[in-house]
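Hi everyone, thanks for making the time this morning. Let me put the structure up on the screen, and then I'll walk you through it piece by piece.

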Amino acid sequence: MSGGVRARSTSVEATRDLAAALAELARPGDLVLLVGDLGTGKTAFCQGFGRGLGVDEQITSPTFALVQTYTGRLDLNHLDVYRLGQVNEALDLGLNELLDDGGVTLIEWGDTIAGVLPPDFLEVHLTASTDEPDVREIDLLTVGPRWSARVRAVRTALSAWLVDGPAGGPGPGGGAC
Ligand SMILES: Nc1ncnc2c1ncn2[C@@H]1O[C@H](COP(=O)(O)OP(=O)(O)OP(=O)(O)O)[C@@H](O)[C@H]1O
Ligand SMILES: [Mg+2]
């Protein structure tokens, strides 16, 4: 599957660890959209990603403020747009300024405002298992050049959690793609 990486997490800590490993690859201006039903682990993913960026502060669900910025190796802008009434409210958040400020931006429910975002991001889909309460399927899809150029690096960074093995054939993670 071109531009796609499939991983599996069996605990909330594993999801955080996976996200922390991914954060090692982060660059200024990166955009990551978190997609998944309520309670699938989008905030947990952001917490791990923040840890990987060296954020010391506790990352929580943005409630009253739609945007929270944390200081790390790179700044982390954390947004949850679930309660956003209208897509054009997203423009009022100053998204373009955020994306230009040299940090990394993670948006929970980001797929709902994809139309007003630059088409250059990593989409992380979290899906809960129907019969195993702590299992999440985590599909990472690159859109645009920024993350597409890093697919191999993503597979390497996430090799411990890959479902279908690392790029280029069989390896420690399992069989061929
Ligand atoms: N493998 C897993 N990965 C992530 N979370 C898990 C996992 N297994 C169980 N959980 C639990 O699922 C919940 C995920 O909560 P979290 O707030 O991260 O979800 P969310 O997708 O951000 O929810 P919301 O849509 O309300 O923002 C936590 O209670 C966590 O302990
Ligand atoms: Mg959340």
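Let's begin with H1, which in this predicted model has twelve residues and runs 17 Å from its first C-alpha to its last. Which residues of H1 are buried? They are Ala14, Thr15, Arg16, Leu18, Ala19, Ala21, Leu22 and Ala23. The cover over them includes strand E1 (4–9), H2, strand E7 (136–143) and helix H6 (151–157).

Now the core. The largest nonpolar core has 43 residues, and the members that touch the most others are Leu18, Leu34, Phe49, Val124 and Leu158. H1 is the top contributor to this core, giving six residues. Please look at leucine 34 for a moment. Beyond its neighbours within four places in sequence, leucine 34 is in contact with Lys42, Phe45, Cys46, Leu106, Ile107, Glu108, Gly110 and Val124.

On to the ligand. There are 17 residues around ligand 1, and those that come nearest are Thr15, Gly41, Lys42, Thr43 and Ala44. Helix H1 (12–23) and helix H2 (42–52) each put at least two residues into that shell. By type, the shell splits into nine polar, four charged and four nonpolar residues.

One more spot I like is arginine 150, in the loop between helix H5 (145–148) and H6.

Of its 177 residues, 37% count as buried. If you take contacts between residues at least 6 apart in sequence, 64% of them join residues at least 24 apart.

Finally, a word on confidence. The average pLDDT is 89, with 87% of the residues scoring at least 70. Over residues 168–177, though, pLDDT stays under 50, and the model has 20 contacts beyond four places in sequence for that stretch. Where pLDDT is low, the predicted coordinates should not be read in detail. That's my tour, and I'm happy to take questions.

How values were computed
Residues are numbered from 1 along each chain as its sequence is written. Chains are lettered from A and ligands numbered from 1 in the order in which they are written. This is a predicted model: local features need pLDDT of at least 70, side-chain atom pairs count only at pLDDT 80 or more; totals for chains, interfaces and linings use all residues. A residue is near a molecule or strand if its C-beta atom, placed from the backbone, lies within 6 Å of it. Helices (H or I, at least four residues) and strands (E, at least two) are DSSP runs, numbered from the N terminus. Ala, Val, Leu, Ile, Met, Phe, Trp, Tyr, Cys and Pro count as nonpolar, Asp, Glu, Lys and Arg as charged, and the others, Gly among them, as polar. A nonpolar core is a set of buried Ala, Val, Leu, Ile, Met, Phe, Trp, Tyr and Cys residues joined through C-beta atoms within 7 Å. A residue is buried if 20 or more other C-beta atoms lie within 10 Å of its own, exposed if 12 or fewer, and partly exposed in between; C-beta atoms are placed from the backbone. Two residues are in contact if their C-beta atoms, placed from the backbone, lie within 7 Å. The expected span of a helix is 1.5 Å times one less than its number of residues. pLDDT is the predictor's confidence in each residue, from 0 to 100.
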